[in-house]
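Hello,

Here is the structure I said I would pass on. My notes on it follow below.

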Amino acid sequence: MAHAAAAALWDLAAAQPPSQWCQAVFLGAAGSLLVLQALPASLRGLLMDYGPRATTRQKQQPAPPPLQRLVGAATRAGQVPHAWFWHFYLLSVAASAFWAWQFGTGGRVLRALAERQQQHAAAAAEVGDDDALGRVVAAWAMMALQGTRRLYESLVVMRTGEGSSMWFVHWVLGLTFYAVMSISIWIERSAAILAFWETQHPARILASHILASRVPACLAVFLWAWTKQHACHAHLASLKKYTLPTAGLFRYLVCPHYTCECLVYLTIAFVAAPAGRFCSGPVLCGLAFVVANLGATAVGTRRWYVQKFGAEAVASRWTMIPFVF
């Protein structure tokens, strides 16, 4: 019975286009984070806290009950350095370079995924969508810019405390996110990519498409969020240990760098949208995971600030999303 159910589930997954695979990964991860939020605070902290928050929790925690000791032992056995965050951005940059190379050379991997996507997509999905290719290239460029800047910040700007660590599941989840996102930004534009490879004047067509449609406006918003996030990270890196950030957007938000991260992926979702749709489904599902992940971390950060600096220090600030959260 179990074997038959597994086989049926595999057949169902195999029948879906790659875009659906991407969406399933993101929504499954986001759903898991929401389930964790329903756990008691003591267990949730063991599974989700890392860095300074985890250190503070460990120091303040009384003798834990048996279940908490068991979960704590499991998470302690799988700790990796917090500094390994830079692996996420190295993978992101490498994936951007790989898919750009595949695009430029008509590579087999990209072609196989694009053709499989088209087997399940409507044949007329890209009809009348003259700027499709420009959006593909713009989304690639935006993702590459984000990954490159974050890699630079992780290696040069940000400081990670000695002994600071995270559960290896966080590390695997981060690697999975960037690997899947590198596909999500172009997979729904597979028809445009396949058609582009058949054109006789690709350079001329590519240049005209990049300047078309919503790309310039979305790129302007993206660059604003991109620069503001860097300013937030630079400010955090300049602070003395366990100091409350107060400059720039930190005057209004507890975690403005998370706000900017969400805005970055929202603009990419607009740019990568297929014909007749407002947003890219896979990228929007990726954004749902980002909001769930960073939202939970932002709540933990706010609680940590309240413990360290008092409730009045952050009383006038939104946690992550202005006027909402």
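Contact here means heavy atoms within 4.5 Å; helices (H or I, at least four residues) and strands (E, at least two) are DSSP runs numbered from the N terminus.

This is a predicted model, in which local features need pLDDT of at least 70 and side-chain atom pairs pLDDT 80 or more, while totals for chains, interfaces and linings use all residues. Residues are numbered from 1 along each chain as its sequence is written, and side-chain values use heavy atoms, without hydrogens or water.

H6 has 20 residues (86–105), so at 1.5 Å a residue it should span 28 Å, and its end C-alpha atoms are 29 Å apart, which agrees. The expected span is 1.5 Å times one less than the number of residues. Gly106 follows H6 and has a positive phi, near 65°.

His257 lies in helix H13 (residues 256–271). His257 is buried, at 10% relative accessible area, and touches Gln229, Cys232, His233, Leu236 and Phe250, leaving aside residues up to four places away in sequence.

Phe323, in the segment after helix H14 (281–309), is exposed (over 50%), with a relative accessible area of 72%.

Regards

Definitions and conventions:
Buried < 20%, exposed > 50% of the residue type's maximum accessible area, 1.4 Å probe, protein only.
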